[in-house]
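Work through the exercises below with the model open. Each task is followed by a stepwise solution.

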Amino acid sequence: MIGVIGLLLGFLVSALFLIQGKRRSSNGGGQAKKQSEPKDLKPKSYSKSEVAEHNKRDDCWIIIKDKVYDVTSYVEEHPGGDAILDHAGDDSTVGFFGPQHATRVFDMIEDFYIGQLRE
């Protein structure tokens with residue numbers, strides 16, 4: 001019985017260390033990496049015709065308020081299904097600010113930002 005308890009405690013402690021290690025590497029490691037990477041001071045810019053070329057499920061860019069986002073990796077996860085593809089390669093501002101989106105979407109979208117729309 002003591003052996004079983006010892007194994008369980010050992011398992012729990014090792015699991016705790018693994019979780020803490022992953023948190024450190026994702027938080028601390030990411031911050032250190034970001035500091036060492038050169039930052040572009042000026043965002044890349046894209047013309048409307050360049051954005052229009054990215055209008056498929058496996059290559060999906062959208063425009064929201066003159067900012068360009070590559071949402072390709074999010075298409076399959078989109079809770080609204082293929083609605084995200086309705087304006088693929090085009091301006092999605094009206095749909096994005098619709099009542100169907102929770103406020104967290106406004107923070108999430110910044111992860112997909114790739115540049116500004118060029119006039």
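**Exercise 1. Which residues is I64 in contact with, leaving aside neighbours within four places in sequence?**

Step 1. The model is predicted. Set aside the neighbours within four places in sequence; I64 then contacts Y69, S92, T93, F96, F97 and I109.

Step 2. The largest nonpolar core has 13 residues. I64 is one of those with the most contacts inside it, a list that includes Y69 and I109.

Step 3. Find the main contributor. β3 supplies the largest share of this core, 3 residues.

Step 4. Look beyond this core. Another core, of 6 residues, lies apart from it, with Y46, W61, V68 and L117 among its members.

**Exercise 2. Is H54 buried or exposed?**

Step 1. Locate H54. It sits in the loop between α2 (48-52) and β2 (55-56).

Step 2. Apply the cut-off. Buried means under 20% relative accessible area. H54 has 17% relative accessibility, so H54 counts as buried.

Step 3. List its surroundings. Not counting residues up to four places away in sequence, H54 touches D59, C60, W61, A88 and G89.

Step 4. Pick out the polar contact. The side chains of H54 and D59 are joined at 2.8 Å.

Terms used:
Residues are numbered from 1 along each chain as its sequence is written. This is a predicted model: local features need pLDDT of at least 70, side-chain atom pairs count only at pLDDT 80 or more; totals for chains, interfaces and linings use all residues. Side-chain values use heavy atoms; hydrogens and water are left out. Helices (H or I, at least four residues) and strands (E, at least two) are DSSP runs, numbered from the N terminus. Buried means under 20% relative accessible area, exposed over 50%, partly exposed in between (1.4 Å probe, protein chains only). A polar contact is a pair of N or O atoms within 3.5 Å; within protein, one must be able to donate a hydrogen and the other to accept it, and residues adjacent in sequence count only if both atoms are side-chain atoms. Contact means heavy atoms within 4.5 Å. A nonpolar core is a set of buried Ala, Val, Leu, Ile, Met, Phe, Trp, Tyr and Cys residues joined through side-chain atoms within 4.5 Å.
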